Amino acid sequence: MGPVKLLLVEDEAQMASLLQRGLSEEGHQVDVCARGHDALTQAANVSYDAILLDWSLPDLDGVSVLRRWRESGLSTPVLMLTARGSTGEKVTGLRAGADDYLVKPFDFDELLARLEALARRGARATQTAQVGSVTLDVRRRALVREGAEVSLTAREFALASELFAHSGDVLSRSRLLSAVWGTDFDGLPNVVDVYVGYLRAKLAELRVADVEIAAVRGIGYRLRKVPA
Ligand code: CA
């Protein structure tokens with residue numbers, strides 16, 4: 001397959017450089033993070049085709065990193081690496097949102113095959129949703145209009161996805177809240193309004209005139225074409 005863009009999260013320097021070299025030799029582009037917190041930031045800022053995530057990291061463990069990614073709406077395929085092979089840990093990893101799982105020591109060719117399969121799956125899942133002149137590009141996590149694009153944060157993207165998937169429908173605040181922030185969200189309920197504000201600003205940045213996120217008083221919001 002063509003080159004894919006990978007994030008490798010591994011703190012053991014020797015393993016990280018071995019993997020980076022091997023994957024680069026296959027033509028892939030590999031960024032490396034050694035710490036969980038760095039990985040959280042990196043994946044929020046850069047769009048990857050697949051992520052290779054080690055279970056054991058010095059600050060946040062891999063499962064916690066993965067949970068946070070999934071909670072924030074990041075859907076990039078993740079292959080977890082672990083030195084531990086018990087069924088319980090495999091289940092924990094998969095429940096946290098891992099797409100695949102490999103136990104150390106592993107065969108490099110097997111790792112490569114699985115990673116490429118995941119990246120392909122991610123690419124197939126690539127979708128764009130269009131309303132009026134605006135496209136939501138899932139792979140690039142961006143709003144696009146006439147060749148111009150603005151990228152979205154993970155939360156903005158999750159909110160935009162919900163609105164685009166149900167364009168024309170009125171979505172209640174509580175529905176948006178649980179779809180984007182989860183049912184156990186205990187922050188301020190006006191977070192939805194705040195993020196709708198962010199999305200509106202990004203639409204304005206693209207000079208979108210034919211699509212709006214309309215407030216429906218007492219209920220919530222709907223994404224729609226501006227009535228003529
Ligand atoms: Ca490690």
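Is lysine 202 buried or exposed, and what is its relative accessible area? Lysine 202 is buried, at 16% relative accessible area, where buried means under 20%, exposed over 50% and partly exposed in between (1.4 Å probe, protein chains only).

A word on the ground rules: this is a predicted model, in which local features need pLDDT of at least 70, side-chain atom pairs count only at pLDDT 80 or more, and totals for chains, interfaces and linings use all residues. Residues are numbered from 1 along each chain as its sequence is written, and side-chain values use heavy atoms, with hydrogens and water left out.

Now for the salt bridges, each a side-chain nitrogen of Lys or Arg within 4 Å of a carboxyl oxygen of Asp or Glu. That rule gives 12 of them, including these:

| Pair | Closest N to O |
|---|---|
| Aspartate 54 and lysine 104 | 3.1 Å |
| Lysine 202 and glutamate 156 | 2.8 Å |

Helices (H or I, at least four residues) and strands (E, at least two) are DSSP runs, numbered from the N terminus. Aspartate 54 is buried at 2%, and lysine 104 is buried at 13%.

Back to lysine 202, which forms its salt bridge with glutamate 156. The pair ties helix α8 (residues 191–205) to helix α6 (residues 154–165), across 46 residues. Glutamate 156 is buried too, at 5%.

Arginine 175 in helix α7 (residues 173–181) reaches glutamate 162 in helix α6, 13 residues apart. Here arginine 175 is partly exposed at 34%, while glutamate 162 is buried at 18%. Finally, shared partners join Glu10, Glu12, Asp54 and Lys104 into one salt-bridge network.
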